[in-house]
Amino acid sequence: MKIQCQIEVINRLHSALNLRNNGKYLKSTLALGKEPKSETEYFILHFSSLNKTGTKYRVKSIKQVFVKYINEGKSTIRFEEPPYDLCIKSESIQLKCFMKLLRSCITGDEKALHLSPLSSLSVTAKDNAPVKLVISDRSQFPAKGLPRTLQSLYLSGLKLCNFRRDILLLKHLAVLDLSNNEIEKLPSEFGRMANLSELHLANNQLGVRGVVDWRWLLGPQITKTLKLLDLTSNKLGHLPKAIWKLEKLVTLKANDNMISRLPATIGRISTLRYFTISSNELQSLPCSLMQCRLEYIDISSNKFDNKQNNSTSDQYSPWQFYVGSLVHLSAKIILKHKIHYASNIIPWTLVEFLDNANMCVCGAPVVNYTHSINKEYDLKDYFRTVVFNNNLSVVEFECYFCSPKCFLKN
């Protein structure tokens, strides 16, 4: 049996001498076989990119096997002689099958053993686990399914109407291109993709039905890893207010949609650097966007010429800023100190209330939505590169205020 994996070999003698290992995992193949001249002698062969001939380890020399994190695709085999530890990272199902067979070798369960002689084991080109797959026609899909070792998958221009659920099994997937298809919905389980960093969904149909199910974008795993999101040309009318939970997002593309207003929470994405939202229906921008350290922003071909006058500065006194409910006061504390909250900790109505919070021009959280004015700012004073109509850069911002001090400044 062979599995494709990544392995770090640790010499325990080096650890005793305080010598550090390089800490690098090498692309490897791990094979389990039996000695040709003996029916009870089993060996493990380790082939790597640096060792094409392979290193042989006797199964009888195994001192201990660590499988606490096998569900995450991690395991360690410790040998008595030589004093090495093989730290393994692999697809969890393959690793479980390998460990089950290894246990049969150790216990001598001959009924479960169907191993090739060690002399017939070698690494061929077919054993090299594919990490990238480009499919330009539906007939090119692998008959045995998508390889579990894929890190990059390109399925552009296939006219797919439905999301392929076998993609959910690709635990190592980092780049997924589903652009130029006809996909209307992604499953909520997609939010559990543990390593996805780039998602290309341009030219699909996510917003064709008006109501968009964004649960896939706000899953527990994808919010911690996604760095690039392309939603260009999806007939979207809005972006989700909880988009700020994409805590690693660097690039956001939402060109050629029907978005008329951006969520005020977008300013809470501290990592955002590239933002393009051209060819939409925007008339103003949320003032929270000024808190993002954007290096590039494209807001061309919108409707900023249709200016609104919704200033409410003469409708109340500054003292009204000090009046707030207990919910408002506690919400400000949670947002100011960035205290973690979730629907399993507090009621979902409070989670929604916190997710909808705006941001003051000074960067402080605002939970009272009545204190706002529209004011023009020059984008070039805040962002490095600005793409706008006729080389202009003055845009109207919807501003909220956290205190009389901030209000009177404006």
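Val65 sits opposite Ile77 of strand 6, and the bridge partner of Ile77 in strand 7 is Leu86. This is a predicted model, where local features need pLDDT of at least 70, side-chain atom pairs count only at pLDDT 80 or more, and totals for chains, interfaces and linings use all residues. Residues are numbered from 1 along each chain as its sequence is written, and side-chain values use heavy atoms, with hydrogens and water left out.

| Strands | Bridges | Direction |
|---|---|---|
| strand 5 and strand 6 (residues 74–79) | four bridges | antiparallel |
| strand 6 and strand 7 (residues 84–89) | five bridges | antiparallel |

Strand 6 connects to strand 7 by a hairpin of four residues.

Zooming out, the sheet is open and has seven strands, with antiparallel pairing and the order 4-3-2-1-7-6-5. Strand 4 (55–58) and strand 5 (62–66) are at the edges with a single partner strand each, so one side of each has no neighbour in the sheet. On average, neighbouring strands of this sheet are turned by 30° against each other, direction ignored (axes are lines fitted to C-alpha atoms, and angles between N-to-C directions run from 0 to 180 degrees).

Terms used
Pairing = 2+ DSSP bridges. Helix = DSSP H or I, 4+ residues; strand = E, 2+ residues; numbered from the N terminus.
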